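Please prepare a short briefing on the structure below, with the contacts between and within the chains and the sheet set out by topic.

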Amino acid sequence: MEFNSFEGAEHWPFILKINLVLSLFFLVLTLAFVALVIYLRIRKNRMEAYRTRFDRKLIEFFNHFLFDEDFKRAAELGDFKFRYLKTAYDHKLAIKQVLIFDENLKGESSEAIKELFNGLGLYKYLLSDLKAKAWYRQARALYALSKLGIKVPEALVTPFLHSNRVELRQQAMLYFLNTSQENPLAFLDDLDRELSLWQQVFIENSLINFDLEVPDFGRWLNHDKSSVVVFCIKMVVSFNQFQNIPLLIEALDHTDEGVRAQAINSLKIMEVTDALQLMTANFPYESPSNKRAILYAIEKIGTAKDLRTLVSAIGREEENLQIDYYKIATRFENEIPVRKLINPDNITNDWADYQYYSKRVLQGA
Amino acid sequence: MVIEDNPMVVKSLEFKLSKDGYDVVVAEDGRTAMKLLSESAFDLILTDLMLPFVSGNEIIEFIKSECPDVPIIVLSTSTQEDIITEAFTMGVDDFITKPFSPNELSLRVKRSLAKV
């Protein structure tokens, strides 16, 4: 059939009609998609151009505000706010520039930046962000407030410590670390979720790098969350808080295996020989990894006798522990003649002999 | 001359130093800085160490070979002792760390120029 016009289209075969409809549909779809891509590109370019212009305006205004002595601050602030800060995007750009200025300047200028921040109504804007429903707005507000060290009512931030989103919990911690001068870790009291390893490292780095007031970590050694206790035990060692040694010894009886492991290692590092008695008493009931930790603690701070008392608590099937024991026993070579007893091909049977031998030694035979 | 790639810092330095009565020329990367240094003479150079295309150390070497008497002030985020020591060994006159106090920087510029 030769196509001349659409006249008589109603008599076209059905398949041809379908073909035409689908062709038109996909043509329209393609055109719409191309139009959308072009529109988005133009929009992006326009926003980019607007951002560049607005950033320039902000920098110029901020420079006048900070360095121009003839600048009428109060009047100009009101005028700038009224004329330029209209949309949420304008506020976002202004906050970003405030953060950049604050990051690069210190001294009098840093104080003036805070004045600028309040004067432009950015504090109020961030408060509204904190109360917003979108988590990313809340996180952004927390980030800006903590970077600038600006305090808001604690009740507004504390709920974020319990947020389901890790980003919000993280930012809330950062906020408390940066804004609490006297006890930057007081927020640990309110934590009802475990601290991730990354968060622990983050808090420790903040304490060191921001030169924050180091609290007495003994305060959280009975915390509900075992990760908080583990972190605090590590900090007791890092900051040499010897006054908390009795609490570290108590932690050897903690219900959580990880806490006990950290306590064993920390007491070893701090060379607390008073802890050996409890460690050896707990040894038979410990997990294999904690048993190993105790063996190595004895290597560092214990005696041959301490080591020998553990022999009966190492089962015939615990070959790895037996090897660790032999390795450590070589340190006490004069008192524990292990080399004569070790037969690598027959370690399990050897161990039984060795247990019997050690028992007799301990009994003074 | 200010050699710095952060637009905010550039504008602030330009504004502050102009307010103090200096003529400020800006180079936002190492290559531009070298070109300008070859073409014109400057009384003082304020430079960052982290720059596009050419590193701060190369810039300092270049300045020392082209115009050895011009005082150099480094403005950097680095607080590492070895970097600061290396800069002084290369012949810089002063080292200011970011964040910086604009008033303090102004005084240091004045003092460095007074020595010339």
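A salt bridge is a side-chain nitrogen of Lys or Arg within 4 Å of a carboxyl oxygen of Asp or Glu. By that rule, one salt bridge is found across the interface of chain A and chain B. This is a predicted model, in which local features need pLDDT of at least 70 and side-chain atom pairs count only at pLDDT 80 or more, while totals for chains, interfaces and linings use all residues. Residues are numbered from 1 along each chain as its sequence is written, chains are lettered from A and ligands numbered from 1 in the order in which they are written, and side-chain values use heavy atoms, with hydrogens and water left out.

**Interface of chain A and chain B**

- In this interface, 14 residues of chain A are in contact with 15 residues of chain B (contact means heavy atoms within 4.5 Å).
- The two chains bury about 1,300 Å² between them, 66% of it on carbon and sulfur atoms; buried area is the accessible area (1.4 Å probe) that two parts lose on being put together, summed over both.
- A:Phe67, A:Asn104 and A:Lys106 supply 46% of the area that chain A buries against chain B, more than any other three residues.
- The side chains of A:Asp68 and B:Lys19 form a salt bridge at 3.2 Å, N to O.
- Six residue pairs, both at pLDDT 80 or more, are in polar contact across the interface of chain A and chain B. A polar contact is a pair of N or O atoms within 3.5 Å; within protein, one must be able to donate a hydrogen and the other to accept it, and residues adjacent in sequence count only if both atoms are side-chain atoms.
- On the side of chain A that touches chain B, helix 1 (14-67), helix 3 (88-104) and helix 4 (108-119) of chain A each supply at least two residues. Helix 3 of chain A has the largest share, five residues.
- Helices (H or I, at least four residues) and strands (E, at least two) are DSSP runs, numbered from the N terminus.

**Domains of chain A**

- Chain A is divided into domain 1 (218-302) and domain 2 (305-365), with bounds that come from an automatic or database domain assignment.
- Their contact takes 14 residues from domain 1 of chain A and 14 residues from domain 2 of chain A.
- Domain 1 and domain 2 of chain A bury about 1,200 Å² between them, 69% of it on carbon and sulfur atoms.
- Two salt bridges are counted between domain 1 and domain 2 of chain A. A:Lys291 and A:Glu318 meet through their side chains in a salt bridge (3.3 Å, N to O).
- Helix 14 of chain A gives the most to the side of domain 1 of chain A that touches domain 2 of chain A, with nine residues.

**Sheet of chain B**

- Five strands of chain B form an open sheet in the order 2-1-3-4-5, with parallel pairing (two strands pair if DSSP finds at least two bridges between them).
- Strand 2 (26-27) and strand 5 of chain B stand at the edges, each with a single partner strand, so one side of each is left without a neighbour in the sheet.
- Strand 3 (residues 45-47) and strand 4 of chain B run parallel and are joined by three bridges; B:Thr47 has B:Val74 as its bridge partner in strand 4.
- B:Val74 also has B:Phe95 as its bridge partner in strand 5 of chain B.

**Backbone details**

- The peptide bond from B:Lys98 to B:Pro99 is cis, with omega near 0°.
- B:Phe53 is not a glycine, yet has a positive phi of about 70°.
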